[in-house]
Amino acid sequence: MEDFAMDFPGLNTTMTCLVMPQKSNSNGIRGGFRSKTHFLTHSLPLLELQIGMILTLSHLIRFFLKPFGVSTFLSCILAGIILGPNGLGKFDSMREIVFPHDSQDIIYVATSLGMNLYVFLIAVKIELGMVLKIGHKPLSIGITSTVIPFTVNCIYNSIPQQGIGSLSFEDNYLIIVVVLTSLPVVADAIDELKLANTELGRLTLASALVSDIGGIAIFIIQVFVFSRSVDITINYTIPVLVFLLVLAFIFRPLIDWVLRYTPEGKSVSTSLIYVIMAITIVSQVYFIVLNQNFVLAPFFIGLAIPSGAPLGTALIEKFGPFTNGVLMHILIPTTFMRADLYLYISNFTNLAKSMIVLFAGLLLKMTGCMIPCMVLKIPINEAVALTLILSYTGVVHLNTASSFRDSGTFREQVYGFAAFYILLNATIVPVMVKKLYDPSQRYNSHNTRNVLSMKPHSELKILTCIYGQDNADSYIKLLDTMNPTKDNPMGIYGLHLVELIGRYVPLLIAHSKLKPISTNTSQKIIYEFNQYEKNNWDTVSVQLYTSLSSFPLMHEDIIHMALEKKTSLVILPLHRRWSVHGFIESQEKGWRNVNSKVLENAPCSVAIFFSRGNLMRQRARQSFVSNISICMIFIGGHDDREALILAKRMMKESEVTLTVVHFLPKGHEEKDESEDHIYDIVLLDEIRQMGTVNGRVFYRSQVVEDGPETILLVRSMANQFDMFILGRRYGVSSPQTSGLSQWIELPELGIIGDLFASKELETRASILVVQQKKKIRHAVN
């Protein structure tokens with residue numbers, strides 16, 4: 001008996017008769033070939049073909065459109081349009097063989113699993129404690145953007161209306177789709193727009209968090225109001241309240257108890273992760289039995305799990321890539337494939353009321369966002385951008401509309417209209433936000449801040465970026481060599497950078513000396529810097545921060561703090577790490593990208609510091625500067641002059657031995673009257689004069705013919721000094737380095753710096769590579 005389907009004209013409904021039980025596996029060539037597509041009558045090969053087509057098409061569209069700024073969500077929507085009834089789905093072969101009616105339930109199971117995991121991971125990233133710490137700005141925006149549209153809707157429904165003025169059940173749920181503010185949707189939009197580390201991004205995320213939680217509460221209240229039945233209200237409330245109480249007083253305490261016995265820095269047990277996922281699935285059954293929305297189960301359980309490390313991070317790392325890279329790429333296209341945009345266009349005039357309702361709801365929501373922004377005197381372009389982002393629609397809105405369609409709340413035409421609005425919104429909003437708000441403008445610094453331009457006896461403000469414990473140890477030694485004194489004090493701003501995993505909202509924590517340290521990952525680092533300040537209490541001031549951010553946006557925290565604190569120098573650790581025996585131990589690509597972006601966009605001078613031996617890895621209990629020898633290799637130019645000024649500072653009132661080696665090109669006797677050369681001569685003359693009165697300063701010049709000869713000289717000097725100070729000089733051509741640029745492995749260190757970081761050079765020295773502030777001519781990527 002074969003499957004067959006019957007269409008009902010005018011009702012947009014199809015009755016499909018199935019043979020039960022269905023066979024999952026095909027017999028292949030052993031079963032014979034009744035037709036070329038006979039194997040697709042079996043559920044498993046058909047499902048594999050469907051998933052393969054959807055994933056391939058969505059990822060291909062994403063690959064080709066990503067350079068144009070098209071989001072992942074929009075790419076998946078386009079895949080759904082191509083495969084849906086307005087694209088390939090209009091052909092009988094696609095509709096009857098590849099995506100037949102009887103296969104929809106099977107792929108729907110996969111999409112439901114994707115949505116449940118997506119909602120669960122969303123909730124895991126939300127830190128409920130942040131709601132209590134949110135300031136008045138996001139609180140005002142989040143509340144008014146949710147309360148105003150729902151309040152107006154309730155008031156309008158309470159007034160007796162007749163004819164076209166009355167709102168149907170369908171109209172009220174259409175307003176929900178428009179007014180809904182979803183934190184994950186807003187977070188995805190901000191991530192795509194690269195605004196997570198901006199003030200606007202933080203304000204929008206915090207506002208979305210308030211609005212999302214408030215929207216869920218108001219939606220539940222609205223259901224109670226519309227039902228107008230005490231029994232329905234009790235039946236809806238009591239099971240949910242019991243579930244929440246179990247989570248609050250049994251589930252969460254058990255999780256905390258297990259985490260207390262997890263050693264610091266160790267990952268949580270995989271058994272705990274599997275138990276949590278099992279509880280999540282069983283809880284969905286509980287909600288289904290009670291006729292509740294089963295998506296609430298993973299959401300509430302996710303909220304009960306501590307965000308961040310170790311448990312939240314482990315869950316995100318384990319399930320995040322599969323959920324976002326596979327399941328969501330199935331969910332979005334298949335959900336949009338159910339929308340017939342032509343059906344909406346052909347019924348355009350009959351949907352006039354629905355369009356009015358939708359845009360009225362959108363206008364109310366945008367009004368609710370703009371009013372507090374105007375009261376709080378937020379700049380108009382930022383206020384409009386914030387309003388647009390909070391009005392952005394994504395996968396949660398699409399899935400909500402689809403669920404209303406499945407339940408019969410939405411007609412097919414209205415679902416097509418809602419899908420078309422989501423497509424239009426996802427296309428237009430990112431473009432408008434980019435036009436309204438350019439985050440790169442805040443990096444334009446008109447003041448030249450570098451060590452060379454500092455006034456005598458002024459405070460040297462340094463931002464030290466710390467990626468790990470080893471960085472803190474070596475930084476203390478480096479700062480000691482800079483010789484802070486009462487006449488030449490230093491202001492140190494320590495920024496511990498931690499990758500953001502398992503949270504939505506980036507954090508910047510300022511550590512107070514009067515309060516206990518709450519961030520475990522920063523405890524040792526903070527202790528060392530505080531001890532350094534105590535040992536130099538009259539010459540050094542230290543302020544410490546911890547930043548939790550994603551790698552693509554981490555450089556923005558560094559640049560923002562350098563601007564805010566008006567630092568003259570930012571010190572970064574190299575992404576490459578050596579063992580105590582001098583071998584390369586690890587390399588982190590993420591940190592390297594951070595360094596490159598800071599070098600390109602910093603508002604002040606930047607230095608990259610690394611140590612190849614154990615000198616800088618030892619803990620600084622006492623000053624060791626009386627035993628250190630420093631070499632400054634000078635070729636010429638802005639970066640070399642900045643490096644030379646830093647070297648001179650290390651000589652003031654200290655016992656450091658400084659040797660300046662000047663690499664001169666062959667034929668240097670020729671007269672050079674360029675401005676750069678004159679500045680070089682002036683600074684080098686000062687070094688020569690210092691050498692005549694100070695027995696710890698030496699100057700020597702060396703004529704080199706080309707790059708290979710420079711390499712030989714550097715190799716001969718590599719183990720004669722404890723530290724080398726170099727100018728980056730990237731992109732600057734000179735006879736001394738000719739023929740070396742094409743072999744450079746680490747451009748962020750320049751040609752000479754790259755040589756010191758190479759595997760071929762054996763040295764135990766520490767290296768500081770300096771770049772003077774560059775004039776920013778373009779936006780941050």
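Modeller: A definition first: a crossing of two helices is right-handed if the near helix is turned clockwise from the far one by less than a right angle, and left-handed if anticlockwise. Helices here are DSSP runs of H or I with at least four residues, strands are E runs of at least two, and both are numbered from the N terminus. Please note that this is a predicted model, in which local features need pLDDT of at least 70 and side-chain atom pairs count only at pLDDT 80 or more, whereas totals for chains, interfaces and linings use all residues. Residues are numbered from 1 along each chain as its sequence is written, and side-chain values use heavy atoms, with hydrogens and water left out.

Colleague: How many helices and strands are there in the protein?

Modeller: The protein has 26 helices and 15 strands. Of its 781 residues, 51% count as buried, where buried means under 20% relative accessible area, exposed means over 50% and partly exposed lies in between (1.4 Å probe, protein chains only).

Colleague: At what angle do helix 1 and helix 2 pack?

Modeller: Helix 1 (residues 43-65) packs against helix 2 (residues 72-83) at about 130°, and their axes are 8 Å apart. The axes are lines fitted to C-alpha atoms, for helices over the stretch in contact, and angles run from 0 to 180 degrees between N-to-C directions. That angle makes helix 1 oblique to helix 2; under 35 degrees counts as roughly parallel, over 145 as roughly antiparallel, 65 to 115 as roughly perpendicular, and the rest as oblique. Helix 1 passes helix 2 in a right-handed crossing.

Colleague: Which residues in helix 1 and helix 2 meet?

Modeller: From helix 1, Met53, Ile54, Leu57, Ser58, Ile61, Arg62 and Leu65 meet Thr72, Ser75, Cys76, Leu78, Ala79, Ile82 and Leu83 of helix 2. A contact here means heavy atoms within 4.5 Å. The residues of this contact divide into ten nonpolar, three polar and one charged. Nonpolar covers Ala, Val, Leu, Ile, Met, Phe, Trp, Tyr, Cys and Pro; charged covers Asp, Glu, Lys and Arg; the others, Gly among them, are polar.

Colleague: And helix 15 with helix 18: at what angle do they pack?

Modeller: Helix 15 (residues 352-375) and helix 18 (residues 412-436) pack at about 40°, with their axes 11 Å apart. This makes helix 15 oblique to helix 18. The crossing is right-handed. Ser354, Met355, Leu358 and Leu362 of helix 15 meet Val414, Phe417 and Tyr421 of helix 18. That contact has six nonpolar residues, one polar and no charged.

Colleague: Let us turn to the sheet. In what order do the eleven strands form it?

Modeller: The order is 5-6-4-3-7-10-15-14-11-12-13, in an open sheet with mixed pairing. Two strands pair if DSSP finds at least two bridges between them. Strand 5 (507-511) and strand 13 (697-704) are the edge strands, each pairing on one side only. On average, neighbouring strands are turned by 20° against each other, direction ignored.

Colleague: In which sense do strand 4 and strand 6 pair?

Modeller: Strand 4 (residues 490-499) and strand 6 (residues 540-549) pair in the parallel sense over ten bridges. Ile492 stands opposite Val542 in strand 6.

Colleague: Which strands does helix 19 touch?

Modeller: Helix 19 (residues 469-481) packs on the sheet and touches strand 3 (460-466), strand 4, strand 7 (569-573), strand 10 (605-611), strand 14 (723-727) and strand 15 (766-771); its direction makes about 160° with that of strand 3. Helix 25 (residues 707-717) lies across strands 11 (629-634), 12 (657-665), 13 and 14, at about 150° to strand 13.

Colleague: A change of topic: what is the phi of Lys377?

Modeller: Lys377 has a positive phi of about 60°, although it is not a glycine. Most residues other than glycine have a negative phi. Lys377 lies in the loop between helix 15 and helix 16 (380-390), and at 73% relative accessibility Lys377 counts as exposed. Lys194 also has a positive phi of about 60°. Lys194 lies in the loop between helix 8 (183-193) and helix 9 (199-227) and is partly exposed at 39%.
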